[in-house]
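Student: I would like to go through this model and ask what stands behind the terms used for it. Can we start with a helix and then turn to the aromatic rings?

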Amino acid sequence: MTAPAAVAAFPAPRQAPPDNGPAMGPLPWLTATGRLEPVLTAWGRGQYAEVPVGVAFDVLLTPPTLGRDTVRRMHDMGHRVGPVILGPLGAEFIIGRGSAAGWSASHSLLLRAGSLVLLPPPGDEDQAVGGRSWLVPPCHPGTGAPVCDEIPPASALLEPFREAVRAATARREWPCAR
């Protein structure tokens with residue numbers, strides 16, 4: 001009779017990464033994607049989080065200067081401003097899913113359903129990761145971010161955006177000057 005083969009030793013369990021991520025408030029617009037935990041994990045590591053557009057929210061892309069002016073005008077008009085990402089291609093407004101049907105504003109683009117948006121970790125614009133940062137961060141205690149539980153419909157930014165386009169055109173600023 002031979003001795004039984006030695007049982008292979010199992011590796012020791014790995015330690016969970018430290019929870020250095022931001023303390024987030026409720027984010028139903030993100031929870032509805034089914035990606036909340038992976039997003040929070042990525043953010044805790046200071047990394048982008050990849051989330052599909054059209055599942056729980058849509059994204060409207062505008063030139064960066066128009067995006068900044070639109071956010072300012074939304075605040076001035078008392079409109080609720082949702083999370084807005086500032087990236088190399090422009091400002092990405094996170095808006096209610098399906099709320100931009102029939103959107104008709106020049107100098108903007110509604111991202112197609114299934115497109116992936118890279119959500120940078122919340123932080124200051126000066127702490128941009130790969131050229132992407134939050135112009136308006138998602139709800140984050142201590143930042144004064146105005147939105148925790150809801151994102152606005154596209155209609156909330158239509159008039160402020162059109163006003164920003166008119167103002168940029170009057171100043172003959174790209175991309176509005178003809």
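Tutor: Start with what covers the buried residues of helix H4: the cover includes strand S2 (57-62), helix H3 (64-77) and strand S4 (90-96). Helices (H or I, at least four residues) and strands (E, at least two) are DSSP runs, numbered from the N terminus. The model is predicted, so local features need pLDDT of at least 70 and side-chain atom pairs count only at pLDDT 80 or more, while totals for chains, interfaces and linings use all residues. Residues are numbered from 1 along each chain as its sequence is written, and side-chain values use heavy atoms, with hydrogens and water left out.

Student: What makes the buried residues of H4 line one face of the helix?

Tutor: Ala156, Leu157, Pro160, Phe161, Ala164, Val165, Ala167 and Ala168 are buried in H4. Buried means under 20% relative accessible area, exposed over 50%, and partly exposed in between (1.4 Å probe, protein chains only). Seen down the axis of H4, the buried residues fall within an arc of 165°, so they line one face. The arc is that of the directions from the helix axis to the C-beta atoms. Exposed Ser155 and Ala170 are on the face turned away from the buried side.

Student: Why is the pair of Trp43 and Trp134 called edge-to-face?

Tutor: Rings of Phe, Tyr and Trp (its six-membered ring) pair if their centres lie within 6.5 Å; planes under 30 degrees apart count as stacked, over 60 as edge-to-face and the rest as tilted. By this rule there are 3 aromatic pairs. For Trp43 and Trp134 the centres are 6.3 Å apart and the planes at 90°, so this pair is edge-to-face. Trp43 is in helix H2 (residues 36-44) and Trp134 in strand S7 (residues 133-136), 91 residues apart.

Note on methods. Contact = heavy atoms within 4.5 Å.
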